[in-house]
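Could you walk me through this protein in my viewer, one selection at a time? I am new to this, so please tell me what to click and what I will find there.

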Amino acid sequence: MATPIARAKKQQPGGLDPAFLQEWADRNLAAWDALDAEAVADTCTDDIVWTDPSVPWPIRGRKELIKLVNAFATSYPDLKITRVSDPIPSPTEPLAIARYTMTGTLTKFWPFTNMAPTGQKMSVRVVDEWVFRDGLLASNTTIYDCLHTARQLGIVPPPDTLQSKIMSKVQHLRARSLRAKAACPACGYHKNHTH
């Protein structure tokens, strides 16, 4: 069961109390450091919506969030989240921005995108947008450079390699197909044509 921090009652009109935010962020970070899925979920509302670029759909609810944290713990057993600065509360809304660095080695299958383990390490700067309700996190949106991360993990090949040239050729073929299916903005016709 989630336990909101009592200081949440001290929200400024429309904004977040910095002391509440710091206490919540410390508890949440400790849960992530321990890769304790239940403890992470305990900082969130029952209907949490969690958006992360490594998952092709939003995670909804505590049960699904627990699955996500457990997937991180399994796939990146050395996952480490290091705060870059204290979270920044909004003075007018119940939200905050947090900046941190995430490191970890992909040693096991990543279930959300069918990615095989590469044994490669990532180190990526991350920004989270947190939206709170009643002292708990109601929405999390994670933002980071996915291409840079995929290159570090060996999912996307480095530029100017044979693998990247093959990937480029495949993209060109797919682009041709997509253009042929795209509707003409002038008339709505669904094939390549001229006016």
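**Before you start**

This is a predicted model, in which local features need pLDDT of at least 70, side-chain atom pairs count only at pLDDT 80 or more, and totals for chains, interfaces and linings use all residues. Residues are numbered from 1 along each chain as its sequence is written, and side-chain values use heavy atoms, with hydrogens and water left out.

**Stop 1: the whole chain**

Show the protein chain as a cartoon and you will find five helices and seven strands. These are DSSP runs numbered from the N terminus (helices: H or I, at least four residues; strands: E, at least two). Following the sequence, the pattern reads α-α-β-β-α-β-β-β-β-β-α-α.

Of the 195 residues, 38% count as buried. Buried means under 20% relative accessible area, exposed means over 50%, and partly exposed is in between (1.4 Å probe, protein chains only).

**Stop 2: the nonpolar core**

Select Trp32, Trp50, Leu65, Leu68, Trp110, Trp130 and Phe132: among the 41 residues of the largest nonpolar core, these touch the most other members. Such a core is a set of buried Ala, Val, Leu, Ile, Met, Phe, Trp, Tyr and Cys residues joined through side-chain atoms within 4.5 Å. Which helix gives the largest share of this core? Helix 1 does, with seven residues.

Next, centre on Trp50. Leaving aside neighbours within four places in sequence, Trp50 is in contact with residues including Trp32, Cys44, Pro58, Leu65 and Leu137. Contact means heavy atoms within 4.5 Å.

**Stop 3**

Pick Cys44, which is buried at a relative accessible area of 0%. Then pick Cys146, which is partly exposed at 36%. How many disulfides does a search of the whole structure find? The search finds zero, a disulfide being a pair of cysteine sulfur atoms within 2.5 Å.

**Stop 4: salt bridges**

Side chains of opposite charge can pair when their charged atoms come close. The whole structure has six salt bridges, each defined as a side-chain nitrogen of Lys or Arg within 4 Å of a carboxyl oxygen of Asp or Glu.

- Select Arg83 and Asp26, whose closest N and O atoms are 2.9 Å apart.
- Select Lys80 and Asp33, where the closest N and O atoms are 3.6 Å apart. Lys80 is in strand 3 and Asp33 in helix 1, so the pair ties together parts 47 residues apart in sequence.
- Select Asp46 and Arg62, with closest N and O atoms 2.4 Å apart. Asp46 sits in strand 1 and Arg62 in helix 3, 16 residues apart. Is Asp46 buried or exposed? Asp46 is exposed at 58% relative accessible area, whereas Arg62 is buried at 18%.

**Stop 5: two backbone angles**

Most residues other than glycine have a negative phi. Leu35 has a positive phi of about 50 degrees although it is not a glycine. Look for Leu35 in the loop between helix 1 and helix 2, where this residue counts as buried at 16% relative accessibility. Asn114 also has a positive phi, near 65 degrees. Asn114 lies in the loop between strand 5 and strand 6 and counts as exposed at 60%.

**Stop 6: a methionine in a loop**

Move to Met115, in the loop between strand 5 (95-105) and strand 6 (121-133). Met115 is partly exposed at 29%. Not counting residues up to four places away in sequence, Met115 touches Phe109, Trp110 and Ile155.

**Stop 7: a surface patch**

Finish with Leu162, Ile166 and Val170, which make a nonpolar surface patch of about 310 Å². Patches are made of residues with over 30% relative accessible area and no salt bridge: like charges are joined within 9 Å, and nonpolar side chains (Val, Leu, Ile, Met, Phe, Trp, Tyr) within 5 Å. Leu162 is in helix 5 (residues 162-181) and counts as exposed at 61% relative accessibility.

Definitions and conventions: Accessible areas come from the Shrake-Rupley method with a 1.4 Å probe; for residues, only the protein chains shown count as cover.
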